[in-house]
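Please walk me through this protein fold.

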Amino acid sequence: MARGTVVIVGAGHAGFQLAASLRQHGFSERICLINDEAHLPYQRPPLSKAYLKGDGRPDSLMFRPDKFYREQHIELIADRAASIDRAARRLLLASGSSLDYGHLVLATGARNRLLDLPNANLRDVRYLRALDESEALRQRIASARRVVVIGAGFIGLEFAATARAKGLEVDVVELGARVMARAVTAEISDFFQERHAAAGIRIHLGVQATSIESDGANVAGISLSDGRHVPADLVVVGVGVLPNVKLADQAGLPVAAGIIVNEQLLTPDPDISAIGDCALFASPRFGASLRLESVQNATDHARCVAARLTGDAKTYDGLPWFWSDQGEDKLQIAGLTTGYDRVVVRGDRGQGSFSAFCYKSGQLVGVESINRASDHVFGRRVLAMNRSIEPEQAADTGFDLKAALT
Ligand SMILES: Cc1cc2nc3c(=O)[nH]c(=O)nc-3n(C[C@H](O)[C@H](O)[C@H](O)COP(=O)(O)OP(=O)(O)OC[C@H]3O[C@@H](n4cnc5c(N)ncnc54)[C@H](O)[C@@H]3O)c2cc1C
């Protein structure tokens, strides 16, 4: 049970959920949530999807209105954490003030990996992580004509689909041999490649952007490693993120590809935890250290730490799941598909409704579904139960998945 103030650094999905869950669990001491963005805590997924496409107001993205924080006695502090004095259990803020903590939770998330290319600092070379960036891009795509997206990951493709739907000419440049290669099976990559191509998006695989061409202060296009030039008046970069570990590192906490925490999301300092995108956590479920970038991971981490800080310590055992909306298609992923050795398709690819069931040594490890929510729900449930079905059963649409859960 935590004694004293809980200070949370970062008011994203993980930080917000932790503050809310602490109160739900009956935590009655002071909670300080340090927010370095100029908005109330908000949801990120719509930034590359509905928000970018529509004309909604920033308020529509907020988890909760202002009064929630007042009513719940959650102190939302507009500042940035600058350093940690572990011996004194004190967090120093950029404004010069400080906060003493009983427990400190680092929920600092991740930041965009920046492009290191000539002209990458031009105004119309954009990134997409924060609300202000989405807002600015929404306005820019109303007047832009040709956009090049660098990186065919989830965010790059979601942006590309939205820009195309808005009538822009869209080229996507990807170094890998297929889209979303690090995250999904070839079955899913191929489907989305075809869908995006059918929508008129040109996807260039196995090539790298080597420089951004300019016309004065404006973007004129990009050069590719195979010698081609692609004209553009806007470049959007989606080449991955880096976890924000500096605060932990400078405080002498161990960091690698994230802030290192144990299976309860605790650093070696018993007064400091780390959660969400910034945390590299020991996962007994997968027998590995993982750093995941998803809403599920951030919010489940937060709930696990809230339980620990209110006297119910347990091992973090969340089942990873994720979604991505691209054009009219919804991709949902249950489990972790890394290391699979067999893929079985269920459903009708031609109709745009199918799932890839991924197996490793005969055991189901993940289900990737396109427009098949019931397969996704099944995947989450069966994997959470550490159960499996035979590949032949997965392939047979006559096989009743629900019956396998009883
Ligand atoms: C455009 C976009 C679309 C996405 N779509 C999906 C999706 O469809 N499905 C899905 O599951 N996930 C999606 N994600 C990923 C998901 O949003 C992240 O995994 C999630 O936001 C992680 O939450 P977090 O709290 O760990 O980090 P964040 O949400 O990044 O929050 C961290 C916060 O900490 C702040 N911070 C950092 N350092 C300091 C400091 N020193 N002091 C104070 N504050 C600090 C940051 O400014 C930020 O506000 C998407 C992400 C983006 C950017």
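Two strands count as paired if DSSP finds at least two bridges between them. With that in hand, look at V6: its bridge partner in β2 is I31. The model shown here is predicted.

**Around β1**

Strand β1 covers residues 6-9, and its side chains point two ways. V6 and I8 go one way, V7 and V9 go the other, and all are buried. β1 pairs with strand β2 (residues 31-35) in the parallel sense, over four bridges. β1 also pairs with strand β7 (residues 103-106), again in the parallel sense and over four bridges. On that side, V6 has H103 of β7 as its bridge partner.

**Around β20**

Strand β20 spans residues 279-283. Four of its five residues are buried, so β20 is largely enclosed by the rest of the structure. What runs beside it? Strand β18 (residues 259-261) pairs with β20 in the parallel sense over three bridges. Within that pairing, I260 stands opposite L280. Strand β21 (residues 288-290) is joined to β20 by three bridges too, but these two run antiparallel. Here F281 has L290 as its bridge partner in β21. β20 and β21 form a hairpin with four residues between them. In the turn, G287 has a positive phi of about 60 degrees.

The table sets these pairings side by side.

| Strand | Partner strand | Sense | Bridges |
|---|---|---|---|
| β1 | β2 (residues 31-35) | parallel | four bridges |
| β1 | β7 (residues 103-106) | parallel | four bridges |
| β18 (residues 259-261) | β20 | parallel | three bridges |
| β20 | β21 (residues 288-290) | antiparallel | three bridges |
| β25 (residues 353-360) | β26 (residues 363-370) | antiparallel | seven bridges |

What holds such strands side by side? Strands of a sheet pair through backbone hydrogen bonds, either parallel or antiparallel.

**A five-stranded open sheet**

Now move to the last row of the table. β25 and β26 belong to an open sheet of five strands, ordered β22-β23-β26-β25-β24. The pairing in this sheet is antiparallel. Which strands stand at the edges? They are β22 (321-326) and β24 (342-348). Each has a single partner strand, so one side of each is left without a neighbour in the sheet. Neighbouring strands are turned by 15 degrees against each other on average, direction ignored. Inside the sheet, seven bridges join β25 to β26.

Is α5 enclosed or open? Nine of its twelve residues are buried, so α5 is largely enclosed by the rest of the structure. Among the buried ones are F154, L157, E158 and F159. After α5 comes G167, whose phi is positive, near 95 degrees.

**Rings that meet**

The structure holds ten aromatic pairs. One of them joins F16 and Y69, edge-to-face, with 6.2 Å from centre to centre and 70 degrees between the planes. F16 lies in helix α1 (residues 13-24) and Y69 in helix α3 (residues 66-71), so the pair ties together parts that are 53 residues apart in sequence. Both F16 and Y69 are buried. Another pair is F357 with F378, and this one is tilted: 6.4 Å centre to centre, 35 degrees between the planes. F357 lies in strand β25 and F378 in helix α9 (residues 373-384), so this pair ties together parts that are 21 residues apart in sequence.

F357 is at 0%, so it counts as buried. F378 has 3%, so it is buried as well.

Ring pairs also link F16, F63, F68 and Y69 into a cluster.

**Charges over rings**

Two arginines complete the tour. R138 lies over the face of Y51, at 4.0 Å from the ring centre. The charged end of R380 sits over the ring of W321, 3.9 Å from its centre.

Terms used:
Residues are numbered from 1 along each chain as its sequence is written. This is a predicted model: local features need pLDDT of at least 70, side-chain atom pairs count only at pLDDT 80 or more; totals for chains, interfaces and linings use all residues. Side-chain values use heavy atoms; hydrogens and water are left out. Axes are lines fitted to C-alpha atoms, for helices over the stretch in contact, and angles run from 0 to 180 degrees between N-to-C directions. Buried means under 20% relative accessible area, exposed over 50%, partly exposed in between (1.4 Å probe, protein chains only). Rings of Phe, Tyr and Trp (its six-membered ring) pair if their centres lie within 6.5 Å; planes under 30 degrees apart count as stacked, over 60 as edge-to-face and the rest as tilted. A charge sits over a ring if NZ of Lys or CZ of Arg is within 6 Å of the ring centre and within 35 degrees of the ring normal.
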